[in-house]
Amino acid sequence: MTSGNHEKPKNRDNPVAPNAPSMERERTIESPFVDHLGVRLVSAENGHSEVALTLTDAQMNTWQVAHGGVTMTLADVALATAARSLAEDGVGVVTVEMKVNFMQPGRGELRAFGHVLHRSSTMAYCEGEVRDSSGHFVAKALGTFKYMRRLAVGRDVVEQSKRRPPGANPGPSDG
């Protein structure tokens with residue numbers, strides 16, 4: 001069920017900002033793995049997102065269609081981006097749980113669409129789908145995402161990367 005009434009956060013440490021700036025203006029996801037795959041951000045705002053990927057030979061399986069891992073990753077990115085579009089700057093999301101049903105093989109360009117169904121101050125429950133360049137229904141996804149400012153990695157605590165200003169062109173040494 002979609003949460004239609006978004007109340008203002010009650011405390012300043014709440015990572016979810018109902019009126020957070022849109023990621024639409026950025027057109028970038030800023031994840032080294034996602035960038036490596038060639039995923040492009042089409043739109044992300046108000047709990048909705050669209051991402052696209054033109055498949056390469058390296059992303060195919062032995063039947064020369066999109067590898068399931070690529071399809072699942074694209075769905076994960078779309079859902080996470082939809083969830084992140086509702087968060088304030090400096091807040092990221094991590095996938096807590098995800099389910100993907102593969103309907104048919106993907107070919108050409110894949111497009112994934114994400115939508116936040118419900119959110120709380122710390123979590124977002126999202127759904128989405130992946131379609132190929134012919135409009136065929138490739139996959140359906142459901143996932144739960146946790147909003148986080150920091151991520152404990154072993155004994156280290158890692159800060160979420162800040163979103164870059166519109167028009168910024170990240171270089172290879174940017175972290």
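The legends below describe close-up views of a predicted model.

**View 1. Six strands form an open antiparallel sheet.** The order of the strands across the sheet is S1-S2-S4-S5-S6-S3. S1 and S3 (92-102) are the edge strands, and each of them pairs on one side only. On average, neighbouring strands of the sheet are turned by 20 degrees against each other, direction ignored. Strands of a sheet pair through backbone hydrogen bonds, either parallel or antiparallel.

**View 2. Strands S1 and S2 make a hairpin.** S1 covers residues 40-45 and S2 covers residues 48-54. The two strands run antiparallel and are joined by five bridges. Glu45 has His48 in S2 as its bridge partner. Two residues lie between the strands of this hairpin, and Asn46 takes a positive phi near 55 degrees.

**View 3. Strand S3 pairs with strand S6.** S6 runs over residues 137-148. Ten is the count to look for here: S3 and S6 are linked by 10 bridges in the antiparallel sense. Val100 has Ala141 in S6 as its bridge partner.

**View 4. Helix H2 lies across the strands.** H2 spans residues 68-84 and lies across S1, S2, S3, S4 (109-119), S5 (123-131) and S6. The helix runs at about 40 degrees to S4. H2 has 17 residues, and the distance from its first C-alpha to its last is 24 Å. That span is close to the 24 Å expected at 1.5 Å a residue. H2 is mostly covered, with 13 of its 17 residues buried.

**View 5. The largest nonpolar core has 36 residues.** The residues with the most contacts inside this core are Val39, Val51, Leu74 and Val130. At least two core residues come from each of helix H1 (32-37), S1, S2, H2, S3, S4, S5 and S6. H2 gives the most, with nine residues. Leaving aside neighbours within four places in sequence, Val39 is in contact with Ile29, Val34, Val51, Ala52, Leu53, Leu74 and Val77. In soluble globular proteins, nonpolar side chains tend to be buried together.

**View 6. Gln59 lies in the loop between S2 and H2.** Is Gln59 buried or exposed? Gln59 counts as buried because its relative accessibility is 6%, and the cut-off for buried is under 20%. Beyond four places in sequence, the residues in contact with Gln59 are Leu37, Leu53, Thr54, Val65, Ala66, His67 and Val70.

**View 7. Tyr125 sits in strand S5.** Tyr125 has a relative accessible area of 33%, so this residue is partly exposed. Not counting residues up to four places away in sequence, Tyr125 touches His115, Val116, Leu117, His118, Leu142, Gly143 and Thr144. Tyr125 and Met98 are 27 residues apart in sequence, and their C-alpha atoms are 9.7 Å apart in space.

Methods: Residues numbered from 1 in each chain as written. Predicted model: local features only at pLDDT ≥ 70, side-chain atom pairs only at ≥ 80, totals over all residues. Heavy atoms only, no water. Pairing = 2+ DSSP bridges. Helix = DSSP H or I, 4+ residues; strand = E, 2+ residues; numbered from the N terminus. Axes fitted to C-alpha atoms, helices over the stretch in contact; angles between N-to-C directions. Contact = heavy atoms within 4.5 Å. Buried < 20%, exposed > 50% of the residue type's maximum accessible area, 1.4 Å probe, protein only. Expected span 1.5 Å × (residues − 1). Core = buried A, V, L, I, M, F, W, Y, C linked by side-chain atoms within 4.5 Å.
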